[in-house]
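Biologist: I would like to go through this chain with you. Could you begin with the terms we shall need?

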Amino acid sequence: MQRALLLTVFMLLGQLSLLTPAIAQQDDSPQTMTLQESLLGNENLSSGIPAMSVTTDADGNQRYSVTIQILAIMTALTLLPALAMMMTSFTRIIVVFAILRQALGLQQTPSNQILLGLALFLSIFIMTPVFQQVNENALQPYINEEISVQEALDQAEGPFRTFMAAQTRESDLQLFLDLADAGPVNGIEDVPMTVLIPAFVTSELKTAFQIGFLLFIPFLVIDLVVASVLMAMGMMMLSPIIISLPFKIMLFVLVDGWAMIIGTLAMSFGV
């Protein structure tokens, strides 16, 4: 009985192996023709679509293809973090927050993610008037195809230039003008952005360190008082940082330190 079943199975497998080449030969030619037709169709479609092109209008403005525009947008996105740090209020805010955490004696509280998030959204709040001007004067006209790319960039540069110039010290600006050998300028409009941006960042760091120095003084006094008391009591082996930390946190909470610092930072930009 088992031999009969095995013989039947082998016969069925043999018939299937004979039928498979015939089926493959019958289905091969239509599939090949369909594939060739689809390839020819794709070639005809792709031949009429330029990948990268620049056209000049009658008024002299240049129009870029969608491929070039996407490439420019992706490149701008890679530079966005650097622009957010170098051309906005982010630098001053994050440096002050870092000095504050050091003055409190807290190593990882608040965490870096919390400080970065708070500094980012506070920067957006402070820079909202600048972003609105860029949106009204540059972004919306460009989306509506009223101005070219170069005109949109020129219009977007103006609000940022005004903001950075208002926060930049004349001494820092003159320093970078001398280093760049740019010569005398008639106004802030004549200052190159390659000179204005580093001068602005230098002024922001100087202002942030000045605010940080004022923040350090009350916490330093608490550390000195606690250290003196411990020395007088003969507890020299006990770390003053452990004892002074609760007092510094209590003082910071009692004076509503976060609201005071955030309000001071916002008002320092004229908000």
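Modeller: Residues count as being in contact when heavy atoms lie within 4.5 Å. The model is predicted. In that sense of contact, the buried residues of helix 5 pack against helix 6 (149-167).

Biologist: Which residues of helix 5 are buried?

Modeller: The buried ones are Val130, Val134, Ala138 and Pro141.

Biologist: Where is the kink in helix 5 centred?

Modeller: The kink is centred on Asn135 and amounts to about 45°. Just after helix 5, Glu145 has a positive phi of about 60°.

Biologist: Is Met127 buried or exposed?

Modeller: Met127 is buried, because its relative accessible area is 0% and the cut-off for buried is under 20%.

Biologist: Which residues does Met127 touch, leaving out those up to four places away in sequence?

Modeller: Met127 touches Met87, Thr88, Ser89, Phe160 and Phe163. Ser89 is 38 residues from Met127 in sequence, yet their C-alpha atoms are 7.4 Å apart in space.

Biologist: Changing topic, which residues does UniProt list as "transmembrane region"?

Modeller: The unreviewed UniProt entry lists residues 70-100, 112-131, 211-237 and 249-269 under that name. In the model, residues 112-131 are 95% helix and 0% strand, with end C-alpha atoms 26 Å apart. For residues 211-237 the figures are 81% helix and 0% strand, and the end C-alpha atoms are 33 Å apart.

Biologist: What makes up the nonpolar surface patch?

Modeller: The patch covers about 830 Å² and is formed by Phe213, Leu214, Ile217, Val221, Val225, Val229, Met233, Met235 and Leu238. One of these residues, Ile217, is found in helix 8 (residues 193-232).

Biologist: Finally, the whole chain. How many helices and strands are there?

Modeller: There are 10 helices and two strands. Their order from the N terminus is α-β-β-α-α-α-α-α-α-α-α-α.

Biologist: What share of the chain is buried?

Modeller: Of the 271 residues, 26% are buried. The chain exposes about 18,400 Å², with carbon and sulfur atoms supplying 69% of that area. As for contacts between residues at least 6 apart in sequence, 66% join residues at least 24 apart.

How values were computed. Residues are numbered from 1 along each chain as its sequence is written. This is a predicted model: local features need pLDDT of at least 70, side-chain atom pairs count only at pLDDT 80 or more; totals for chains, interfaces and linings use all residues. Side-chain values use heavy atoms; hydrogens and water are left out. Buried means under 20% relative accessible area, exposed over 50%, partly exposed in between (1.4 Å probe, protein chains only). Patches are made of residues with over 30% relative accessible area and no salt bridge: like charges are joined within 9 Å, nonpolar side chains (Val, Leu, Ile, Met, Phe, Trp, Tyr) within 5 Å. Accessible areas come from the Shrake-Rupley method with a 1.4 Å probe; for residues, only the protein chains shown count as cover. A salt bridge is a side-chain nitrogen of Lys or Arg within 4 Å of a carboxyl oxygen of Asp or Glu. Helices (H or I, at least four residues) and strands (E, at least two) are DSSP runs, numbered from the N terminus. UniProt positions are given in the numbering used here, feature names are shortened, and annotations may be inferred rather than shown by experiment. The bend at a residue is the angle between axes fitted to the seven residues ending there and the seven starting there.
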